[in-house]
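Subject: Structure handover

Hello,

Here is the structure I said I would pass on. My notes on the helix packing follow below it.

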Amino acid sequence: MSKRANPRHMSTKSTAQHISAFLDEWQATTVMVQERAGRGDSAFLKEIVLLEGMDRANCVSKAGNSRLDAAAKTLLLREGLAAKLSRQTSRKALLRGLLTGPH
């Protein structure tokens, strides 16, 4: 997994860049959780964040969670919806879109 994201640099990245970084962290976290849980090591639980609305692969590193937050924020700002929707709603929509793909 990558080092913790630098919040000062998040605002200069695009939504797509944040999503890409989130997906990298999500994938790495999923592999790490499977490996460590398989060994009976539960110390990783302090290092992850659970993702709402997901049944499987429902966790990500704290850095990945920061990337998802940044993607949600940049999406709201880009679409002019920051005053109308919460970041949590944007996060849920991004995750739902990632799970279901294009319609």
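For the packing values, helix axes are lines fitted to C-alpha atoms over the stretch in contact, and angles run from 0 to 180 degrees between N-to-C directions. Please keep in mind that this is a predicted model.

Helices α2 and α4

Helix α2 covers residues 15–38, and helix α4 covers residues 87–100. Their axes lie 13 Å apart, and the packing angle is about 70°. Angles of 65 to 115 degrees count as roughly perpendicular, so α2 and α4 are roughly perpendicular to each other. The crossing of these two helices is right-handed. On the α2 side the contact is made by Ile19, Phe22, Leu23 and Trp26, which meet Leu94, Leu95, Leu98 and Leu99 of α4. By class, that contact holds eight nonpolar residues, with no polar and no charged ones.

Helices α3 and α4

Helix α3 runs over residues 62–78 and packs on α4 at an angle of about 105°, with an axis separation of 9 Å. This pair is therefore also roughly perpendicular. From α3, the residues Asn65, Leu68, Asp69, Ala71, Ala72, Lys73, Leu75 and Leu76 take part; from α4, Arg87, Ser90, Arg91, Leu94 and Leu95. The contact of α3 with α4 comprises seven nonpolar, two polar and four charged residues.

Ser90 is one of the α4 residues in that contact. Is Ser90 buried or exposed? Its relative accessibility is 4%, and buried means under 20%, so Ser90 counts as buried. Leaving aside neighbours within four places in sequence, Ser90 is in contact with Ala72, Leu75 and Leu76. A polar atom of the Ser90 side chain lies 3.2 Å from the backbone oxygen of Ala72.

Helices α2 and α3

The axes of α2 and α3 are 8 Å apart, and the angle between them is about 160°. Angles over 145 degrees count as roughly antiparallel, so α2 and α3 are roughly antiparallel to each other. Their crossing is left-handed. Thr15, His18, Ile19, Ala21, Phe22 and Glu25 of α2 meet a set of α3 residues made up of Ala63, Gly64, Arg67, Leu68, Ala70, Ala71, Thr74, Leu75 and Arg78. By class, the contact of α2 with α3 has eight nonpolar, four polar and three charged residues.

Thr15 belongs to α2 and is part of the contact with α3. With a relative accessibility of 8%, Thr15 counts as buried. Which residues does Thr15 touch, not counting those up to four places away in sequence? They are Ala71, Thr74, Leu75 and Arg78. The side chains of Thr15 and Thr74 are joined by a polar contact of 2.8 Å. A polar atom of the Thr15 side chain also lies 3.4 Å from the backbone nitrogen of Leu75. Thr15 and Leu77 are 62 residues apart along the chain, and their C-alpha atoms are separated by 9.9 Å.

Residues in more than one contact

Leu75 touches Ser90 and Thr15.

Regards

How values were computed: Residues numbered from 1 in each chain as written. Predicted model: local features only at pLDDT ≥ 70, side-chain atom pairs only at ≥ 80, totals over all residues. Heavy atoms only, no water. Helix = DSSP H or I, 4+ residues; strand = E, 2+ residues; numbered from the N terminus. Buried < 20%, exposed > 50% of the residue type's maximum accessible area, 1.4 Å probe, protein only. Polar contact = N/O pair within 3.5 Å; in protein donor to acceptor, adjacent residues only side chain to side chain. Contact = heavy atoms within 4.5 Å. Parallel < 35°, antiparallel > 145°, perpendicular 65-115°, else oblique. Left-handed = near helix turned anticlockwise from the far one by under 90°. Nonpolar A, V, L, I, M, F, W, Y, C, P; charged D, E, K, R; others polar.
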